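Please keep the sequence and the model in view while reading.

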Amino acid sequence: MLIVDDDPLVLKATASWCTRMGFVVLTATTGLQALIMAAEHRPDVIVIDVNLPEVDGLSVLAYLSDAAKTAPHVIVMTGRADQRTGELCDELAATCIPKGRFFWKQLAARLAEIYPEKSADIDRASREFATIDVNRRPRVLLVDDDASVKKMFSHRLDELGVDLLHAEDATRAFWTARREHPTVIVADYCMPNGDAGYLLTKLRSVPETCAIPVIVQSGRRLSDSIKRKLKEEINGQPGAARILHKSIDDAELLDTLQRYCGFAAVREDEPAPS
């Protein structure tokens, strides 16, 4: 079984659960990793999130299908159970399971259909893991000590179906990320108790946050050397995913967040928030 999710908590819980059922489990956190591992190992089952860094889950499945390398059984996890996602899953002969309250129950039911001989083990494991929250809506952790920035993005992201978490400095951001497991982090470069580089180093030092994408914003122009430093790998994990100039026009930031959070793309003619 290949399990693909960029949320470390969901990935760890699902992999542990399926290992207890007797599956040999492989894991990946990005779409590119999933493509490589699926082609190399040819799993019997793929459980994959829709919203992934680099290549989204549905594109991964479409490519594998075209290359005749897809798994016999495919389960798609999604935070947006809309009609279009369902149609794409049907085209790919994949089962679509929404993230949320009934995630574990529905995943267990599907695995029991595929492997009825494992029904007892699946039922037992699903009761053990039912308390682990699988978030329906993506969450963005904003790290900025400017209250007006928080206010602007809180309204904007809520309209797009994204929950906003907030921390005023790097230290609080690190502990919030460990506790809440955000989908992506947007951090100001300059902030109290350590800059964005310090925050990245802390995040990449523990398994709970080591793979969370980080977008760095700065109100001033950063030198090329600072940008290179922010993008360098830390403990084998990626540095900053993007470095953006902080502006009242949030189109570039929202476009970047759309890649990780999977909300509907922002139209070019849509006005920026006041």
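## The start of helix 8

Aspartate 169 caps the N-terminal end of helix 8, with a side-chain oxygen lying 3.2 Å from the backbone nitrogen of threonine 171. A polar atom of the aspartate 169 side chain also lies 2.8 Å from the backbone nitrogen of arginine 172. A polar contact is a pair of N or O atoms within 3.5 Å; within protein, one must be able to donate a hydrogen and the other to accept it, and residues adjacent in sequence count only if both atoms are side-chain atoms.

The model is predicted, so that local features need pLDDT of at least 70 and side-chain atom pairs count only at pLDDT 80 or more, whereas totals for chains, interfaces and linings use all residues. Residues are numbered from 1 along each chain as its sequence is written, and side-chain values use heavy atoms, with hydrogens and water left out.

Aspartate 169 sits in the loop between strand 7 (163-167) and helix 8 (170-180), where helices (H or I, at least four residues) and strands (E, at least two) are DSSP runs numbered from the N terminus. Aspartate 169 counts as buried because its relative accessibility is 6%; buried means under 20% relative accessible area, exposed over 50%, and partly exposed in between, with a 1.4 Å probe and protein chains only. Leaving aside neighbours within four places in sequence, aspartate 169 is in contact with Val143, Met191, Pro192 and Asn193, contact meaning heavy atoms within 4.5 Å.

Within helix 8, Ala170, Ala173, Phe174, Thr176 and Ala177 are buried, and what covers the buried residues of this helix includes strand 6 (139-143), strand 7, strand 8 and helix 9 (196-203).

Most residues other than glycine have a negative phi. Histidine 181, which follows helix 8, has a positive phi of about 55° although it is not a glycine. Histidine 181 lies in the loop between helix 8 and strand 8 (184-188) and counts as buried because its relative accessibility is 11%.

Arginine 42 also has a positive phi, near 50°, in a residue other than glycine. Its place is in the loop between helix 2 and strand 3 (45-49), and arginine 42 is partly exposed because its relative accessible area is 45%.

Leucine 26 belongs to strand 2 (residues 26-28) and, with a relative accessible area of 25%, is partly exposed. Leaving aside neighbours within four places in sequence, leucine 26 is in contact with Met1, Leu2, Ile3, Met37 and His41; the C-alpha atoms of leucine 26 and methionine 37, eleven residues apart along the chain, are separated by 8.2 Å.

In helix 1 (residues 8-20), the buried residues include Pro8, Val10, Leu11 and Trp17. Just after helix 1, glycine 22 takes a positive phi of about 100°.

## The largest pocket

About 400 Å³ of space lies in the largest pocket. Of the 21 residues that line this pocket, the closest to its centre are Thr30, Pro53, Glu54, Ala211 and Pro238. On a 1 Å grid over the protein atoms alone, a pocket is an open set of points where a 1.4 Å probe fits, with protein on both sides within 12 Å along at least five of seven lines, and lining residues have an atom within 4 Å of a point. Grid points are joined across faces, edges and corners, and the volume is the space filled by probe spheres set on the points.

Helix 2 (31-41) and helix 11 (251-261) each supply at least two residues of the lining.

Key. Expected span 1.5 Å × (residues − 1).
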